Amino acid sequence: MAANGTNRTVTRRRRQLWAGVLALVGLVLLVVGLTVADGVAAWIEVVVAVLLLVTSYVVQHLARRETVYRSDERP
């Protein structure tokens, strides 16, 4: 039972780390796309940034859902 809880914690932390990395890359691309890039490249960067931010939100939601709605196996 303790090992199962540890695995869940490790999985949740890993998902939250990936969500943070995706959000950071998405924000950087968004800033570059809105300020530096020009023309079609800017639009591509903005679209990719939005997709990364949405993916980050989904990964974070999955990590939270597993924590909140997990079944307690306590006697």
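This is a predicted model: local features need pLDDT of at least 70, side-chain atom pairs count only at pLDDT 80 or more; totals for chains, interfaces and linings use all residues.

Me: Is A19 buried or exposed?

Reply: The general idea is to compare the relative accessible area with a cut-off, and buried means under 20%. A19 has a relative accessible area of 1%, so A19 is buried.

Me: Where is S56, and is S56 buried or exposed?

Reply: S56 belongs to helix α2. Its relative accessible area is 5%, so S56 is buried. Beyond four places in sequence, S56 touches A19, L22 and A23.

Me: Next, L29. Why does L29 count as partly exposed?

Reply: Partly exposed is the class between buried, under 20%, and exposed, over 50%. L29 counts as partly exposed because its relative accessibility is 23%. L29 lies in helix α1, which covers residues 2-35. Leaving aside neighbours within four places in sequence, L29 is in contact with E45, V48, A49 and L52. L29 and I44 are 15 residues apart in sequence, with 9.6 Å between their C-alpha atoms.

Me: Which residues form a nonpolar patch on the surface?

Reply: For a patch, we look at a group of residues and their area together. Here the group is V50, V54, Y57, V58 and L62, with about 430 Å² of accessible area together. Take V54 as one of them: V54 lies in helix α2, residues 40-68. V54 counts as partly exposed because its relative accessibility is 48%.

Me: And how do I read the whole chain? How many helices and strands are there?

Reply: The secondary structure comes to two helices and zero strands. Of the 75 residues, 16% count as buried. The chain exposes about 5800 Å², and carbon and sulfur atoms supply 66% of that area.

Me: What share of the contacts with a separation of 6 or more comes from residues 24 or more positions apart?

Reply: That share is 65%. The pair A19 and S56 gives you a contact to look at in the viewer.

Conventions
Residues are numbered from 1 along each chain as its sequence is written. Side-chain values use heavy atoms; hydrogens and water are left out. Patches are made of residues with over 30% relative accessible area and no salt bridge: like charges are joined within 9 Å, nonpolar side chains (Val, Leu, Ile, Met, Phe, Trp, Tyr) within 5 Å. Accessible areas come from the Shrake-Rupley method with a 1.4 Å probe; for residues, only the protein chains shown count as cover. A salt bridge is a side-chain nitrogen of Lys or Arg within 4 Å of a carboxyl oxygen of Asp or Glu. Helices (H or I, at least four residues) and strands (E, at least two) are DSSP runs, numbered from the N terminus. Buried means under 20% relative accessible area, exposed over 50%, partly exposed in between (1.4 Å probe, protein chains only). Contact means heavy atoms within 4.5 Å.
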